[in-house]
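Please find below a short note on the structure, arranged as numbered points.

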Amino acid sequence: MELAPGAHPAPDIDRAAVAEFLATTQLFGGVDAEALRAFADAFTLHRLPGGGTFEKEGLEPDCLYVVRRGRVEVQFTDVDGGVIRFVPGRAKFFGELNLLAAEPSLVHVKAVRDSELLRVGQSALREVATRFPDALWSITQSVVARMGALVRGETERSSRVTNLAVIPVSA
């Protein structure tokens, strides 16, 4: 994977800690321990400093990303040409549609703060899912639930104010 400026792969990763973390996510929470360990082996870790970006060219078109630490802003264009922004934080995922689509839909990812992203490619995910078909079923249910929530308007489709500033009204 060619990394965007400022993004750094982290080759040394505690696979047991990754498996424990994946178990806390909506996407992998229903997967059994043996499959989680196999998925943990398939992920790579990438560090992205606050303000750093992955541009379209820096993203793998067929990968799923899980935010391990930090927060990123994801922006893409929907089928109607509208720009959709969302800000996944810890344990949230994005890029799942890239695994299924013929062309990548993900356009731009910017780290809101220093972030660590777990990345797994389609071929690695497919290899693990072949060995653990029940895990694939659980992951698919999570993706479909998220898509359903999006269609029903229950999932935030655009970034919202997430900070509060208290300032005095007088000197």
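**Notes on the predicted model**

1. The chain's secondary structure amounts to four helices and nine strands, where helices (H or I, at least four residues) and strands (E, at least two) are DSSP runs numbered from the N terminus. Along the sequence the pattern reads β-α-α-β-β-β-β-β-β-β-β-α-α.

2. This is a predicted model, in which local features need pLDDT of at least 70, side-chain atom pairs count only at pLDDT 80 or more, and totals for chains, interfaces and linings use all residues. Residues are numbered from 1 along each chain as its sequence is written, and side-chain values use heavy atoms, with hydrogens and water left out.

3. Buried residues (under 20% relative accessible area, 1.4 Å probe, protein chains only) account for 42% of the 171 residues of the chain. For contacts (heavy atoms within 4.5 Å) between residues at least 6 apart in sequence, 75% join residues at least 24 apart.

4. Helix 2 spans residues 33-42, and its buried residues are Ala-35, Leu-36, Ala-38, Phe-39, Ala-40 and Ala-42. At the start of helix 2, the backbone nitrogen of Glu-34 has a side-chain oxygen of Asp-32 within 3.1 Å.

5. His-46 lies in strand 2 (residues 44-48) and is buried, its relative accessible area being 4%. Its side chain makes polar contacts (pairs of N or O atoms within 3.5 Å; within protein, one must be able to donate a hydrogen and the other to accept it, and residues adjacent in sequence count only if both atoms are side-chain atoms).

Definitions and conventions: Buried < 20%, exposed > 50% of the residue type's maximum accessible area, 1.4 Å probe, protein only.
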